Amino acid sequence: MEFMPEHAPLVVMAFLGTVVFLASMALVMLAAFLTRRTWIGFSAVILALVFASGYALVLVGVSLTSHEKTLAPGENKYFCEIDCHIAYSVVNFEEAKALGDEAHQTLPAGRFVIVRLRTWFDPSTISEHRGDSPLAPSPRRVVLVDDATHRFPQSAPGQAALAMVHGGTTPLSQPLRPGESYVTNLVFDVPVNARNLRLFVGDDFDMPDRLLIGHEDSFLHRKIFLALIAPGTVLAGRVP
């Protein structure tokens, strides 16, 4: 399993502490220049620059030393929601040349890949005082990535065709209580020659994630992927 980001409470505290410090320095600078105590204002500017530069160096340094990781099916990728964790893992996947009923079939541009993704609220990651109230996962983005790093988003026509036959799937935004889980069917339209497909599940917004130390969305940080098949597995009749 892997956590994104690691040590999330410390990471968030470091970010918020930096924001508060820089805001305080800005107020000091404003007050100093209004009262014509320029030496105090310039000192505040220097402190702010040193603090911001230090944070930026740590942010980039952690990103440059990170490594891309691919988790095997069943392994969990955790996202911290400050006081608790939501875990994602691939249950299985299948491919299809068409989706829908016989009278209304939807054809892909390449081939449909249907990934079954499990979302689980791990009860072992919360404090004993949190209680049993539900948690709504943060917005997520999901894409398939091949070995040439091409990215393939969800297929809206394929998703609708699958729902026509099997009914709607549980959305990734569905709230969970500790210990609960559900499986979401995700449909992608990928080229026939796309190989070694992996699923990327990530946060669906840029800020403040891009400024969080150790977050995979921060500048230059490597990603954590979920494999569709175990390493070394050969699936007859399929292009993995």
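**View 1. How much of the protein chain is buried.** In this predicted model, 40% of the 240 residues of the protein chain count as buried, meaning under 20% relative accessible area with a 1.4 Å probe, protein chains only. The accessible surface comes to about 13000 Å², and 63% of that belongs to carbon and sulfur atoms; such areas come from the Shrake-Rupley method with a 1.4 Å probe.

**View 2. The overall fold.** Look for 3 helices and 12 strands in the protein chain; these are DSSP runs, helices being H or I of at least four residues and strands being E of at least two, numbered from the N terminus. The C-alpha atoms fill a box of roughly 80 × 45 × 35 Å along the principal axes.

**View 3. Zooming in on Phe 188.** You will find Phe 188 in strand 10, which covers residues 181–190. Is Phe 188 buried or exposed? Phe 188 is buried, because its relative accessible area is 0%.

**View 4. The surroundings of Phe 188.** Leaving aside neighbours within four places in sequence, Phe 188 is in contact with several residues, including Arg 111, Val 142, Phe 152 and Leu 199; contact means heavy atoms within 4.5 Å. Ala 103 lies 85 residues from Phe 188 in sequence and 22 Å away in space, C-alpha to C-alpha.

**Notes for all views.** Residues are numbered from 1 along each chain as its sequence is written. Local features need pLDDT of at least 70, side-chain atom pairs count only at pLDDT 80 or more, and totals for chains, interfaces and linings use all residues, while side-chain values use heavy atoms, leaving out hydrogens and water.

Conventions
Buried < 20%, exposed > 50% of the residue type's maximum accessible area, 1.4 Å probe, protein only.
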